[in-house]
Protein chains: 2
Amino acid sequence: MAKRFSPETYQQGILSGDRVLLSRAITLVESKLPADQELAQQVIERVLPFAGKSVRIGITGVPGVGKSTFIEAFGNYLLQEQDKKLAVLAIDPTSQRSGGSILGDKTRMELLSTNPRAYIRPSPAGKSLGGVAKSTRETIILCEAAGFDAIIVETVGVGQSETAVHAMVDFFLLLMLAGAGDELQGIKRGIMEMADAIAITKADGTNMIKAKAAKAEYQNALHLYPPAASGWLPRVSVCSALQQTGLDTIWQTIMDYLQRTRQNGFFEKKRHEQNLQWMYEAVRQGLEESFYVHTQVRELLPRIVQEVKAGRKSAFAAAHELLRLV
Amino acid sequence: MAKRFSPETYQQGILSGDRVLLSRAITLVESKLPADQELAQQVIERVLPFAGKSVRIGITGVPGVGKSTFIEAFGNYLLQEQDKKLAVLAIDPTSQRSGGSILGDKTRMELLSTNPRAYIRPSPAGKSLGGVAKSTRETIILCEAAGFDAIIVETVGVGQSETAVHAMVDFFLLLMLAGAGDELQGIKRGIMEMADAIAITKADGTNMIKAKAAKAEYQNALHLYPPAASGWLPRVSVCSALQQTGLDTIWQTIMDYLQRTRQNGFFEKKRHEQNLQWMYEAVRQGLEESFYVHTQVRELLPRIVQEVKAGRKSAFAAAHELLRLV
């Protein structure tokens with residue numbers, strides 16, 4: 001690995017918008033070495049007062065929905081029409097193994113990746129979901145301190161990672177294809193009810209009629225959903241990355257959401273709760289990590305798992321037995 | 001508290017269907033005394049081989065949906081028409097404080113509570129959700145060993161308890177009122193996507209037309225949902241506890257679900273996974289309980305919580321600081 005700098009150097013570099021030092025700091029955050037982790041925490045503590053001022057947008061959708069193309073188009077809209085500085089992060093731990101398109105294939109975002117006011121960072125390799133989520137959350141802080149005022153966190157829509165993204169963003173956008181049949185295959189249950197907005201992608205050419213019909217259907221379905229704690233009623237719109245249409249509507253939806261939730265206090269409350277949630281989650285991870293590496297636990301666990309699965313031992317007796325070992 | 005018996009006595013009593021000993025064993029399960037917990041685990045280990053043979057049905061719905069009335073009617077249908085032995089448990093930790101109807105007011109289930117083939121047990125008082133969930137899950141095992149082959153777990157539909165119930169039942173039924181507006185107030189997001197079936201209650205008299213319209217609407221909306229891992233497409237039906245109609249349709253739906261998921265292996269897989277999930281959850285609870293009672297953690301936590309909420313300290317630095325104390 002490249003050489004380390006002092007916490008001050010990272011801090012000054014990040015705050016002055018130095019992309020090389022930003023990248024180096026993110027690499028620290030992603031590192032598994034205890035010394036790097038220690039240094040990363042020092043850097044984060046230093047830049048924390050300068051973070052928090054972006055709008056954090058989670059974007060999900062199954063493979064094939066056109067996620068990279070959408071982010072490329074929407075990102076360029078934010079840069080050019082809304083004068084934003086944009087960071088795009090990814091949170092799918094399997095992306096690089098599966099060869100999926102999730103930011104791995106940067107050529108899909110040619111315009112964004114060459115724009116000096118955009119910063120693209122793929123998902124860190126070789127980490128568990130918990131690890132990726134932690135890295136991504138800390139990377140948000142670093143990017144905000146570096147002056148990026150719009151952060152997109154991309155996730156793949158088929159795994160456990162949506163809940164993690166939902167817990168780190170202000171606004172959650174679900175991309176869907178027109179037609180409510182096969183395209184839904186693979187989306188996990190519960191994700192639709194997390195969405196603050198749904199955008200029907202590829203609404204162009206002969207697809208337009210189908211997209212508008214899908215919009216009406218989903219808008220209708222969303223009325224049957226229970227209202228969110230935010231007081232916000234999720235909206236559905238159509239868009240085309242190809243024709244660059246509908247992007248302004250989505251941005252307006254996000255603006256309306258921010259205005260509404262800032263007014264009713266939900267925005268700040270949610271951020272506070274997210275901060276706490278991540279703290280308790282990190283404590284939990286820390287406790288479990290040191291528990292499950294314990295030699296006797298590792299020796300006993302496989303047998304106990306079998307007995308519990310088969311219903312020969314009760315879950316609580318098994319837990320009790322394991323906890324007694326440490 | 002009443003005197004304790006030997007594990008053998010509880011075991012023999014439960015297996016022979018002795019309701020007094022069953023109730024005593026459940027009281028042990030609900031007790032916070034370590035000696036009672038120890039004894040409870042011994043009883044559970046003894047009866048575990050005789051458990052697992054019931055159908056476990058979770059039922060939820062907001063106050064006003066007619067949950068108690070429905071369970072009374074559906075329970076009597078199961079006893080009389082399906083020759084079942086039925087246990088009704090509740091999992092809402094707040095029920096007894098809020099004075100809600102959740103099994104607290106037994107007079108609402110007059111027929112069930114006087115039927116010798118039914119067993120009604122309200123939610124244990126003064127416990128956290130985690131505590132109630134653990135007790136309820138262990139109570140399911142005791143009731144199954146006592147010969148009850150249908151278990152209903154009731155929850156109130158507005159809190160965190162639905163996820164816990166979902167993790168301990170085979171089939172999850174959501175009760176809804178006709179009309180998709182105000183009645184949804186209070187239902188938590190995500191619950192609709194957990195449901196294996198929705199029943200529109202109070203479908204009688206002048207309400208019938210509205211109920212049928214609601215059925216069509218929800219059935220339509222469910223088609224827009226992603227398919228469940230079970231391969232099951234949730235169904236919607238109407239029912240009336242007053243006129244005792246639609247109960248057979250709901251039972252048939254549950255039977256179809258069981259047949260389908262037993263055939264494709266999902267039923268057994270889900271039970272295995274639920275067993276494991278409860279074990280890991282119990283380990284987590286055990287680790288967190290002993291961590292957060294630690295004197296230094298208790299002293300430092302309030303200040304750290306404030307700093308994290310306000311964004312002055314990062315969630316991970318805070319967790320690290322706390323973990324270092326122990």
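## Salt bridges in chain A

Glu288(A) and Arg284(A) meet through their side chains in a salt bridge, 2.7 Å from N to O. A salt bridge here is a side-chain nitrogen of Lys or Arg within 4 Å of a carboxyl oxygen of Asp or Glu. The model is predicted: local features need pLDDT of at least 70, side-chain atom pairs count only at pLDDT 80 or more, and totals for chains, interfaces and linings use all residues. Residues are numbered from 1 along each chain as its sequence is written, chains are lettered from A and ligands numbered from 1 in the order in which they are written, and side-chain values use heavy atoms, with hydrogens and water left out.

Both Glu288(A) and Arg284(A) lie in helix α11 of chain A, 4 residues apart, about one turn of the helix. Helices (H or I, at least four residues) and strands (E, at least two) are DSSP runs, numbered from the N terminus. Glu288(A) is buried, with a relative accessible area of 18%. Buried means under 20% relative accessible area, exposed means over 50%, and partly exposed is in between (1.4 Å probe, protein chains only).

Helix α11 (residues 266-292) of chain A also holds Glu273(A) and Lys269(A), which are 4 residues apart and so separated by about one helical turn. Glu273(A) forms a salt bridge with Lys269(A), with the closest N and O atoms 3.6 Å apart. Glu273(A) is partly exposed at 45% relative accessible area, and Lys269(A) is partly exposed at 47%.

## Further salt bridges

In helix α7 (residues 129-145) of chain A, Glu138(A) and Lys134(A) are 4 residues apart, about one helical turn. Glu138(A) forms a salt bridge with Lys134(A), and their closest N and O atoms are 3.4 Å apart. Glu138(A) is buried, with a relative accessible area of 0%.

A network of salt bridges links Arg303(A), Glu307(A), Lys313(A) and Glu321(A). Over all chains, the count comes to 28 salt bridges.

## Where chain B meets chain A

How many salt bridges are counted between chain B and chain A? The count is 0. Across the interface of chain B and chain A, 6 residue pairs are in polar contact, both residues being at pLDDT 80 or more. A polar contact is a pair of N or O atoms within 3.5 Å; within protein, one must be able to donate a hydrogen and the other to accept it, and residues adjacent in sequence count only if both atoms are side-chain atoms.

On the side of chain B that touches chain A, at least two residues each come from α3 (34-47), α7 (129-145), α9 (208-223), α11 (266-292), α12 (295-309) and α13 (315-324) of chain B. The largest share, 14 residues, comes from α11(B). By class, this side of chain B has 38 nonpolar, 10 polar and 14 charged residues. Ala, Val, Leu, Ile, Met, Phe, Trp, Tyr, Cys and Pro count as nonpolar, Asp, Glu, Lys and Arg as charged, and the others, Gly among them, as polar.

In all, 62 residues of chain B are in contact (heavy atoms within 4.5 Å) with 62 residues of chain A. Chain B and chain A bury about 5,400 Å² between them, 68% of it on carbon and sulfur atoms. Buried area is the accessible area (1.4 Å probe) that two parts lose on being put together, summed over both.

## Strands

Strand β5 (residues 171-176) of chain B is mostly covered, with 6 of its 6 residues buried. Phe171(B), Leu173(B) and Leu175(B) point one way from β5(B), while Phe172(B), Leu174(B) and Met176(B) point the other way. In a regular strand the side chains alternate between the two faces of the sheet.

Strand β1 (residues 55-60) of chain B pairs with β5(B) in the parallel sense over 4 bridges. Two strands pair if DSSP finds at least two bridges between them. Leu174(B) in β5(B) is the bridge partner of Thr60(B). Strand β6 (residues 197-200) of chain B runs parallel to β5(B) and is joined to it by 4 bridges, and Ala199(B) in β6(B) stands opposite Leu175(B).

## Two positive phi angles

Lys202(A) is not a glycine, yet its phi is positive, about 55°. Lys202(A) lies in the loop between β6 (197-200) and α9 (208-223) of chain A, and is partly exposed at 36% relative accessibility.

Gln244(A) also has a positive phi, near 55°. Gln244(A) is in the loop between β7 and α10 (247-263) of chain A, and counts as exposed at 57% relative accessibility.
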